Amino acid sequence: MSPATAVERLRANVDKMKSLQYRQEQLRALLRCLHENEDRWTNALKKDLHKPMMECMGMEVEYCRNEIIIHLNNLDEWTKPEYVKKDLIQVMDECYIRKEPLGVVLIIGAWNYPVQLVLCPLIAAISAGNCAILKPSELSEASAALIEELLPKYLDKDCFAVINGGVKETTELLEQKFDHIMYTGNSNVGKIVMAAAAKHLTPVTLELGGKSPCYVDKNCDIDVAARRIAWGRFINCGQTCIAPDYVLCSSENQERLLKGLQAALEEYFGKDPKESEDYCRIVNQRHFQRVKTMIEKTKGSIAIGGDSDEKDLYISPTVVKDVQPTDALMEGEIFGPVLPIVTAETADDAVRFINSRDKPLALYAFANDQKVIRDIVERTSSGAFCGNDTMMQMSLSTLPFGGVGTSGMGNYHGKFGFDTFSHKKAVMLKALAMEKMNGLRYPPYTDQKWSWFKRLAGKKEKSRGGLFSFLLFAVIMTILAVLIKFFG
Ligand code: NAD
């Protein structure tokens with residue numbers, strides 16, 4: 001089916017999705033689709049990225065299942081009219097925000113979490129009552145094929161469509177008019193998506209990437225920090241948008257951290273990670289060459305790993321020490337299993353370094369002293385922040401997931417996804433009675449009308465000493481009352 005035909009068909013059916021019950025049915029159907037095909041999902045993910053079972057389930061299938069449950073459990077609450085505070089002149093009116101579907105939305109996914117990055121936005125789009133076209137990444141071929149095969153078997157084909165393909169197909173899709181586009185991927189394509197959306201004035205959510213820093217303070221349990229950093233950096237072979245991209249730590253701590261990382265990596269993947277069932281692979285030759293070239297070009301010294309096997313798309317977990325800020329590894333997002341360590345002697349140095357670069361998608365800081373961590377939270381800007389761990393911020397659906405500045409715009413997960421795909425319609429319902437009151441705003445305008453209007457609608461700044469003034473007033477009135485009683 002051509003993109004134009006697909007959009008036309010879905011647009012003719014947007015009313016179906018207005019029913020809450022229908023949205024719930026579609027969400028439950030998607031739940032069945034995940035549950036009844038667990039083996040097929042995990043096999044596809046294994047084929048695409050050599051993902052181990054626990055990551056297939058925890059980061060993809062089960063992650064989406066949990067997201068569906070959150071939406072099913074809260075949909076009634078989220079869709080209720082949200083009554084708002086009123087002023088004196090609206091006191092007789094009914095004023096609320098109504099959450100409405102946007103219409104037909106486009107979801108473009110990336111390859112690194114090929115199931116989650118397409119289905120989580122879809123769950124939010126369904127829950128908010130939209131029809132959706134999905135465009136999975138062509139790089140994770142097996143997952144994309146499975147999404148195209150399975151979804152039409154479970155979801156209403158009049159409301160949802162999957163279109164697979166690469167640049168040509170995505171370009172054709174982007175020529176269509178959508179009511180919202182959610183794109184996940186690199187920022188160069190993000191600009192293409194935004195420019196195409198601008199032609200139709202379509203709003204966009206861009207889930208992009210960038211270099212996410214990780215500061216390790218002098219005063220810190222280095223072994224614990226090393227375990228948590230190694231997990232976040234090397235899960236999915238480093239191909240995670242919120243993975244710590246580089247470490248900032250003092251020269252004194254570097255050697256201790258390296259020992260900790262070495263021990264953690266051996267514990268996770270054994271002496272030879274290539275033999276480990278739990279270590280993923282690079283998605284394709286192009287990305288393999290890209291990461292390998294970065295390693296070859298670095299002027300830092302490889303302290304751990306550095307091995308590769310092109311035929312197997314394998315690059316071992318690699319840690320590079322004494323990396324300069326101008327190094328090849330520090331130019332763009334690494335998006336592979338390489339962790340450079342850059343020197344920052346103090347938290348102040350780290351903050352200066354972070355603030356001199358693009359705003360990251362995620363920022364991590366490890367320190368025994370919570371004051372050091374809170375200080376970094378306050379002095380930096382990033383999509384998300386996690387203190388004393390990596391990546392775990394995304395395990396909580398009451399926190400928004402998204403970037404800031406060049407790392408993205410908009411967010412989702414849980415209610416944030418529902419809000420992203422909803423229009424908040426301002427509703428004011430008035431009665432036809434009390435027309436005299438309205439006379440104030442109609443011409444002919446007079447000074448008297450203006451003075452009444454100001455009295456009824458004019459805003460006053462909140463008095464800071466509100467309670468104090470009230471108490472003072474009460475005391476003065478009491479004294480006056482006593483004086484009048486005895487001397488009046
Ligand atoms: P990718 O190659 O799969 O591209 C993403 C999507 O864009 C695909 O569906 C692809 O078909 C489409 N596309 C590619 N070129 C296009 C073009 N010229 N015109 C229109 N569409 C086009 O994924 P990627 O970009 O390699 O993904 C990696 C990047 O994504 C990293 O920067 C990573 O940090 C980021 N990412 C971000 C998140 C997040 O949630 N913020 C999640 C995953 C990945």
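How many nonpolar, polar and charged residues does the shell around the ligand have, by class? The shell has 15 nonpolar, 8 polar and 4 charged residues; Ala, Val, Leu, Ile, Met, Phe, Trp, Tyr, Cys and Pro count as nonpolar, Asp, Glu, Lys and Arg as charged, and the others, Gly among them, as polar.

This is a predicted model, in which local features need pLDDT of at least 70, side-chain atom pairs count only at pLDDT 80 or more, and totals for chains, interfaces and linings use all residues. Residues are numbered from 1 along each chain as its sequence is written, and side-chain values use heavy atoms, with hydrogens and water left out.

**View 1. The shell around the ligand.** The ligand is surrounded by 27 residues (a residue is near a molecule if one of its heavy atoms lies within 4 Å of it). The closest are Ser137, Glu138, Asn186, Leu208 and Glu333. Both domain 1 (3-208 + 414-424) and domain 2 (213-394) give residues to this shell, so the ligand lies between them; the domain bounds come from an automatic or database domain assignment.

View 2. A side-chain N or O atom of Glu138 is 2.6 Å from an oxygen atom of the ligand. For Glu333, a side-chain N or O atom is likewise 2.6 Å from a ligand oxygen. Gly185 places a backbone N or O atom 3.2 Å from an oxygen atom of the ligand. On its own the ligand has 850 Å² of accessible area, and the protein covers 92% of it (Shrake-Rupley method, 1.4 Å probe). Helices α7 (167-175) and α8 (187-199) and strand β6 (180-184) are the elements that give two or more residues to the shell (DSSP runs, H or I of at least four residues for helices and E of at least two for strands, numbered from the N terminus).

**View 3. The largest nonpolar core.** This core has 138 residues (buried Ala, Val, Leu, Ile, Met, Phe, Trp, Tyr and Cys residues joined through side-chain atoms within 4.5 Å; buried means under 20% relative accessible area, with a 1.4 Å probe and protein chains only). Trp41, Leu122, Ile133, Leu151, Ile229 and Leu257 have the most contacts inside it. Helix α4 (residues 53-79) supplies the largest share, 10 residues.

**View 4. His413.** His413 sits in the loop between β17 (408-409) and α14 (415-420). With 2% relative accessibility, His413 is buried. Its side chain makes a polar contact with the side chain of Tyr63 at 3.4 Å (a pair of N or O atoms within 3.5 Å; within protein, one must be able to donate a hydrogen and the other to accept it, and residues adjacent in sequence count only if both atoms are side-chain atoms).

Notes. Buried means under 20% relative accessible area, exposed over 50%, partly exposed in between (1.4 Å probe, protein chains only).
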